[in-house]
Amino acid sequence: MQISSAVFLKSALKPVQYPEADRPEIAFAGRSNVGKSSMINCLLNRRGLVRTSSTPGRTQMLNFFDINERFRFVDLPGYGFARVPMAVKKSWGPMIRAYLESRSTLRGVVFILDIRRIPSEEDLRLLDWLEEYGCPTIMAVTKADKLARSRRDRQIETIASTCGLPVDAFTLFSATTRQGKDEIWERIETALELPTPSA
Ligand SMILES: Nc1nc2c(ncn2[C@@H]2O[C@H](COP(=O)(O)OP(=O)(O)O)[C@@H](O)[C@H]2O)c(=O)[nH]1
Ligand SMILES: [Mg+2]
């Protein structure tokens, strides 16, 4: 994918604040600190477009980006970080569900897991919601550079079986080495061509 423009549009907490639903959209989901923002920056070849943070739990809003004046990326708020206020933790579920339920232009969700972690209950709950709402889902396992090749395969097998999915559903990715970037783009391009799922 040739990126001619990538522009931050706005942050939103609830549907009335979302930008107009006039372009197909791909959302990025996963726990805090998993590497969502890093993946978006890597896909767009923009180092600092999306703020990455070593202080997880800060980006508690949906952040919308306009790409090539043709489609949008949405950096969804992360979950699973211990040191955020209870009110923020409680609002996460309704915020995500409201988005998945109402966004008519949503074409796919890139679901990101950390290669070093067994998927958590929260990860699995989100996976259930994606299934419930019938969202086409692109499974990605990131931070591949953090493990030796021999351990990667075993970890992916464990992650896949925990999710109840086949190993080949997962794209191995690293924002550091850019491994898997082309494959994620191919899957995103395929998702962008899908018709709007009926509500
Ligand atoms: N080694 C390595 N570090 C990564 C990778 N992706 C993200 N990180 C680091 O993980 C931390 C959290 O990344 P960020 O993109 O902010 O996660 P987010 O909270 O999901 O948006 C940052 O310190 C990143 O530099 C990766 O593929 N490899
Ligand atoms: Mg982030």
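Is Arg 97 buried, partly exposed or exposed, and at what relative accessibility? Arg 97 counts as partly exposed, at 27% relative accessibility. Here buried means under 20% relative accessible area, exposed over 50%, and partly exposed in between (1.4 Å probe, protein chains only).

The model is predicted: local features need pLDDT of at least 70, side-chain atom pairs count only at pLDDT 80 or more, and totals for chains, interfaces and linings use all residues. Residues are numbered from 1 along each chain as its sequence is written, chains are lettered from A and ligands numbered from 1 in the order in which they are written, and side-chain values use heavy atoms, with hydrogens and water left out.

Six salt bridges were found in a search of the whole structure (a side-chain nitrogen of Lys or Arg within 4 Å of a carboxyl oxygen of Asp or Glu). Arg 97 pairs with Glu 132, at 3.1 Å from N to O. Glu 132 lies in helix α3 (residues 121-132) and Arg 97 in helix α2 (residues 86-102), so the bridge ties together parts 35 residues apart in sequence. Helices (H or I, at least four residues) and strands (E, at least two) are DSSP runs, numbered from the N terminus. Glu 132 is exposed, at 52%.

A second bridge joins Asp 22 to Arg 72, with the closest N and O atoms 2.9 Å apart. Asp 22 sits in the loop between β1 (6-12) and β2 (25-29) and Arg 72 in strand β4 (residues 71-75), so this pair links parts 50 residues apart in sequence. Asp 22 is partly exposed at 45%; Arg 72 is buried at 6%.
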